[in-house]
Amino acid sequence: MKDREIPRARLADGLLATLEEDRFRPGSQVLIVDGTPQSHVDLDDPRYLSFEYVRRIGHGIDLVAAPGAPITAVHLGGGAFTLPRYVEATRPGSRQQVVEIDSELVGFVREHLPLPKGASIRVRHGDARAVLEKLPPGLRGTADVVVVDVFAGARTPAHVTSVEFYSAVAAVLSPTGLVAVNVADGAGLAFARSQAATLGQVFADVAIVADPQMLKARRFGNVVAFASNSPLPFERMPRLVASDPVPAKMVTGSELRQFTAGAAVATDQTAVKSPAPARSIFQVDRKRMDD
């Protein structure tokens with residue numbers, strides 16, 4: 001694809017969004033915002049999940065209810081709507097709410113990567129936490145899944161990482177519902193440990209999934225945290241994540257308690273943004289994006 005053919009849009013916050021074809025999977029598109037790959041979409045096969053952490057969240061969605069059964073899902077952070085498309089493809093008839101702060105991004109994605117016709121996917125514009133706390137009463141206590149994948153550029157804002165925020169998430173979930181959180185962190189995993197500890201203050205059952213090198217705190221990457229006030233239905237999860245293209249491990253119980261030992265619980269007064277990754281991690285051609 002020639003540079004002039006790459007769709008691009010300047011967002012409300014001044015950041016540049018582009019859609020670039022995945023050279024390894026023809027027909028697929030990668031949404032890049034401010035040099036950070038945000039989403040991967042295959043319109044011909046929305047069941048295909050390219051990014052490692054998205055695939056792991058997809059496994060959680062697969063296990064939350066009987067295969068193919070429609071669910072109620074709330075997605076905090078829209079991106080290119082990868083997971084809403086996945087839910088619609090794997091669980092037709094699901095009721096979904098997507099919260100995205102940037103209306104320009106939503107319009108840009110919908111223009112170039114249309115949502116499935118007939119899908120019950122409602123988009124709400126605004127700050128993830130503010131909209132979550134004002135969802136209609138009919139949605140409260142009904143969500144089977146809440147996905148938290150909120151980023152401003154390459155970092156998660158502090159106000160969606162606290163006990164108070166996760167308490168608001170818990171109020172939306174059904175008694176057996178689960179929350180899936182994308183946690184980006186680097187060497188030492190201080191942020192991921194804090195997020196797991198914070199979820200443990202709100203929910204009865206917590207698990208994290210990451211590849212072994214991440215768990216050894218040796219590199220920047222994504223940890224997916226799951227939590228529920230019912231036992232997580234994850235008997236099959238260890239086998240699923242171990243057989244992924246990039247194998248991962250699920251950590252629960254005493255091993256998770258060891259992982260979170262001494263970690264600070266984040267409150268609205270103490271919460272911080274996720275750490276900033278080095279630009280080199282994403283290997284995006286900045287010159288081409290800025291031309």
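How much accessible surface does the protein chain have, and what share of it belongs to carbon and sulfur atoms? The surface comes to about 12,900 Å², and carbon and sulfur atoms account for 51% of it. Keep in mind as you look around that this is a predicted model.

Start with everything selected. Along the principal axes, the C-alpha atoms fill a box of roughly 55 × 40 × 40 Å. The radius of gyration is 18 Å, which agrees with the value near 19 Å that a compact globule of 291 residues would have.

Now switch to a cartoon view. You can pick out ten helices and twelve strands in the protein chain.

Next, colour by burial: 55% of the 291 residues are buried. Then turn to the contacts between residues at least 6 apart in sequence: 69% of these join residues at least 24 apart.

For another view, show the charges. There are 33 positive and 32 negative ones, and their mean positions are 2 Å apart.

Time to zoom in. Select residues 72-76, which make up strand E5, and find His 75 there. Is His 75 buried or exposed? His 75 has 2% relative accessibility, so it counts as buried, the cut-off being under 20%.

Key:
Residues are numbered from 1 along each chain as its sequence is written. This is a predicted model: local features need pLDDT of at least 70, side-chain atom pairs count only at pLDDT 80 or more; totals for chains, interfaces and linings use all residues. Side-chain values use heavy atoms; hydrogens and water are left out. Helices (H or I, at least four residues) and strands (E, at least two) are DSSP runs, numbered from the N terminus. The radius of gyration is taken over C-alpha atoms; the globule rule is 2.2 Å times the number of residues to the power 0.38. Buried means under 20% relative accessible area, exposed over 50%, partly exposed in between (1.4 Å probe, protein chains only). Contact means heavy atoms within 4.5 Å. Accessible areas come from the Shrake-Rupley method with a 1.4 Å probe; for residues, only the protein chains shown count as cover. Lys and Arg count as positive and Asp and Glu as negative; His and the chain ends are not counted. The place of a charge is taken as NZ of Lys, CZ of Arg, CG of Asp or CD of Glu.
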